[in-house]
Amino acid sequence: MIGGASAALAGGALIGLSATILLVSIGRVAGISSIVGGLMEGRRDGLGWRVAFVAGLLAGAVLVAWMIPGSIVPRPATLSPVGVAIAGLLVGFGTQLGSGCTSGHGVCGLSRLSKRSLVAVLSFMSAAALTTFVLRHVLGGAS
Amino acid sequence: MRLAVAFVAGAVFAIGLGLSGMTNPERILGFLDVAGRWDPSLAFVMLGAIGVHLVPARWAARAPRPLLGGDFDRPVKTATDSTLVAGSVLFGIGWGAIGYCPGPAIVDLVAPSSSLVVFVVAMLAGSAGYRYVHRPAAHTGAAPASAG
């Protein structure tokens, strides 16, 4: 593996830079689930910057897939199609109910030293680790 | 100008995700699998992101206006309640099952597998479902901040 921790640190710094650009220049929070949720609501106010941000995400994705081969490639899931759909529903509904995901609570909220975001991060990290544990070591046979 | 800034921010975000390894759900599950062959390297993503964003976020908390004008979109909910925890736990179960959180799932759409398409459609449906149910409250202004 090429530079696992250092690439993670550099990539994380870019994510922090993105959140900074958005917050400092136009006062918006780089929380992906909130941006997507706002789009799904179909409200006209705040539509423009959300669409522009998601378009930027996809453009950046094309760029990084080309710059770093293997970073973005099709990957088959380890779950059944029904399992994949349930996971998607949980991620979509859960992030809206909890007002944020890894970016909104994890990056933006923790940077703001928000107690609410800290509670959210601890909740979803422990739920995720427990789920992975159950699926891999209790139900599945993975080592 | 605001749209151009948002576009650039989105592009930088996606490049950061791709560089860091967050776009590979196997890496995510390896990070979450503390009882298996644990790969803690993705903790550095959070470290790098917060390291860069910490000071600007403090500035934004006190500044009257963003640099390009308009208002700061400040989070209205402040209560650490059961709704926050329940939503976060549901999200964590889905994330821990498949290894995709919302950002990487959208970014990976440029090289989709059929299961990723199913995941994103379900994720959008779950988001839309919640927003639809809570739409009346969301339009009444500040009142929902104390609800739940």
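These notebook entries record what I looked up in a predicted model.

**Entry 1. Chain B as a whole**

I began with the secondary structure of chain B and counted seven helices and zero strands. Read from the N terminus on, the elements run α-α-α-α-α-α-α. I then took the extent of the C-alpha trace of chain B, which spans about 45 × 35 × 30 Å along its principal axes. Chain B has 148 residues, of which 52% count as buried. For contacts in chain B between residues at least 6 apart in sequence, I noted that 46% join residues at least 24 apart.

**Entry 2. Domains of chain B**

I looked up the domain assignment of chain B, which gives domain 1 (1-74) and domain 2 (78-148). Their C-alpha centres lie 18 Å apart. How many residues of each domain take part in the contact between them? Eleven residues of domain 1 of chain B touch eight residues of domain 2 of chain B. On the domain 1 side, H1 and H2 of chain B are the elements that give two or more residues. H2(B) provides the largest share of that side, with five residues. By class, I recorded eight nonpolar, two polar and one charged residues on this side of domain 1.

**Entry 3. Helix H2 of chain B**

**Entry 4. The contact between the chains**

I examined where chain B meets chain A; the contact takes 99 residues from chain B and 103 residues from chain A. On the chain B side, I listed the helices that each supply at least two residues: H1 (2-20), H2 (25-32), H3 (43-62), H4 (82-98), H5 (102-107) and H6 (114-133). H1(B) gives the most to this side, with 18 residues. The side of chain B that touches chain A has 65 nonpolar, 26 polar and eight charged residues.

**Entry 5. One helix pair across the contact**

I selected helix H4 (residues 81-97) of chain A and H6(B), which pack at an angle of about 35° with their axes 7 Å apart. Is their crossing left-handed or right-handed? The crossing of H4(A) and H6(B) is right-handed. The contact of this pair has 18 nonpolar, seven polar and one charged residues.

**Entry 6. The largest nonpolar core**

I looked for the largest nonpolar core and found one of 87 residues. The residues with the most contacts inside this core are B:Ala9, B:Ala14 and B:Phe119. Helix H1 (residues 4-26) of chain A gives the most to the core, with twelve residues. The core also draws at least three residues from each of domain 1 and domain 2 of chain B.

I then followed one of these residues, B:Ala14, leaving aside its neighbours within four places in sequence. B:Ala14 is in contact with A:Leu57, A:Gly60, A:Ala61, A:Val64 and B:Val107.

**Entry 7. Helix H5 of chain A**

Why is helix H5 (residues 102-111) of chain A described as largely enclosed by the rest of the structure? The reason is that nine of its ten residues are buried. I wrote these down as A:Thr102, A:Ser103, A:Gly104, A:His105, A:Gly106, A:Val107, A:Cys108, A:Gly109 and A:Ser111. Their cover includes H1, helix H2 (32-41) and H6 of chain A together with H3 and H5 of chain B.

**Entry 8. Two residues with positive phi**

I checked the backbone in the loops on either side of H5(A). Most residues other than glycine have a negative phi. In the loop between H4 and H5 of chain A I found A:Ser99, whose phi is positive, near 60°. A:Leu113 lies in the loop between H5 and H6 of chain A, and its phi is also positive, near 55°.

Methods: Residues numbered from 1 in each chain as written. Chains lettered and ligands numbered in written order. Predicted model: local features only at pLDDT ≥ 70, side-chain atom pairs only at ≥ 80, totals over all residues. Helix = DSSP H or I, 4+ residues; strand = E, 2+ residues; numbered from the N terminus. Buried ≥ 20, exposed ≤ 12 C-beta atoms within 10 Å, placed from the backbone. Contact = placed C-beta atoms within 7 Å. Nonpolar A, V, L, I, M, F, W, Y, C, P; charged D, E, K, R; others polar. Axes fitted to C-alpha atoms, helices over the stretch in contact; angles between N-to-C directions. Left-handed = near helix turned anticlockwise from the far one by under 90°. Domains from an automatic or database assignment. Core = buried A, V, L, I, M, F, W, Y, C linked by C-beta atoms within 7 Å.
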